[in-house]
Amino acid sequence: MSGEYILTLSCPDRVGIVHAVAGFLAERGGNIMHSNQFSDPDHGRFFMRVHFSCDHDPAGLRVDFAPVGAEFGMDWELHDRSARQRVLVLVSKQDHCLNDLLYRFRIGAIPGELVGVASNHAHARELTEAAGFAFHHLPVTAESKAAQERRILDLVESERADIVVLARYMQVLSDDFCGKLSGRIINIHHSFLPSFKGAKPYHQAYDRGVKIIGATTHYVTADLDEGPIIEQEIARVDHAMTPQQLVAVGRDLESLVLARGLTWHLEHRVLLNGGRTVVFR
């Protein structure tokens, strides 16, 4: 029975990469359903995402493709499209992004499996459990931060979570935690950084009379809020809007951008390019 797969790769740019990939699939009766590619002229690197169907099993395809990958120096992955990645969400008191994600998961709009929600507050328990998902209360203090992070890592392991989503999780993660989940944590925040740091950024922006507000979804690294960007969105605002109205617009942007970025990650549309990303939408 034919299955659907997604091949992603990056490698030094040279002649023959597309020919090699297409030829490999053709020899095995693979049908390319969709293909994206990008050549980065600044770094001489090539990126590709191929969605194809094939009668061969994924394990055999991986073994057979290995020599092709080695020949071109590829960093590559082959994903079975039917295998749904498992998602763990972390949240604090602000639950607008969580609420949006819960709805999208419940109706199947996000191509993954939500395995649970964890929070340093009990605030989101009722919302999460009403939607039919598991909730884990993991309180934290300055003294218990390391132990709490170990509990989160234990939860990631026990739930076999592939990706952790910070849906307005207002705790700074340690370098050790970020390192253990490198490439597996997605965060959302307003796009006022680095201009308006700390508490009430929308009020700070209001005081400065900003005309554009936005939100950013990115991978988490040890450098706070500076990981590779996946997606951003903006909205125009004006002098007549109150700080509360700016906050409301920001909530909508954050919810949209987080859902969009997570979906693209789960669909294997995001490839790392140093400190940047290539996103095949």
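Aspartate 40 is in strand β2, which covers residues 31-40. The model is predicted, so residues are read with these limits: local features need pLDDT of at least 70, side-chain atom pairs count only at pLDDT 80 or more, and totals for chains, interfaces and linings use all residues. Residues are numbered from 1 along each chain as its sequence is written, and side-chain values use heavy atoms, with hydrogens and water left out. Strands (E, at least two residues) and helices (H or I, at least four) are DSSP runs numbered from the N terminus.

Aspartate 40 is buried and has no salt bridge. Buried means under 20% relative accessible area, exposed over 50%, and partly exposed in between, with a 1.4 Å probe and protein chains only. A salt bridge is a side-chain nitrogen of Lys or Arg within 4 Å of a carboxyl oxygen of Asp or Glu. For aspartate 40, the nearest side chain of opposite charge is that of arginine 276, 4.7 Å away. The aspartate 40 side chain does reach the backbone nitrogen of aspartate 42, at 3.0 Å. Beyond neighbours within four places in sequence, aspartate 40 is in contact (heavy atoms within 4.5 Å) with Arg45, Phe47 and Asn273.

One of these partners, arginine 45, forms a salt bridge with aspartate 75, with the closest N and O atoms 3.0 Å apart. Arginine 45 lies in strand β3 (residues 45-54) and aspartate 75 in strand β4 (residues 75-80), so the pair ties together parts that are 30 residues apart in sequence. Arginine 45 is partly exposed, at 21% relative accessible area, while aspartate 75 is exposed, at 52%.

The whole structure holds 14 salt bridges. Another one joins arginine 86 and glutamate 159 (3.8 Å, N to O). Arginine 86 belongs to strand β5 (residues 85-91) and glutamate 159 to the loop between α5 (145-158) and β8 (163-166), so this pair links parts 73 residues apart in sequence. Arginine 86 counts as buried, at 13% relative accessibility, and glutamate 159 as partly exposed, at 22%. Salt bridges that share partners also join Glu231, Glu233, Arg260 and Arg281 into one network.

The nonpolar side chains come next. A nonpolar core is a set of buried Ala, Val, Leu, Ile, Met, Phe, Trp, Tyr and Cys residues joined through side-chain atoms within 4.5 Å. The largest such core has 39 residues, of which Val87, Val89, Leu101 and Leu262 touch the most other members. Helix α8 (residues 243-266) supplies its largest share, 8 residues. Another core lies apart from it and has 20 residues, including Leu9 and Met48.

Definitions and conventions. Lys and Arg count as positive and Asp and Glu as negative; His and the chain ends are not counted. A polar contact is a pair of N or O atoms within 3.5 Å; within protein, one must be able to donate a hydrogen and the other to accept it, and residues adjacent in sequence count only if both atoms are side-chain atoms.
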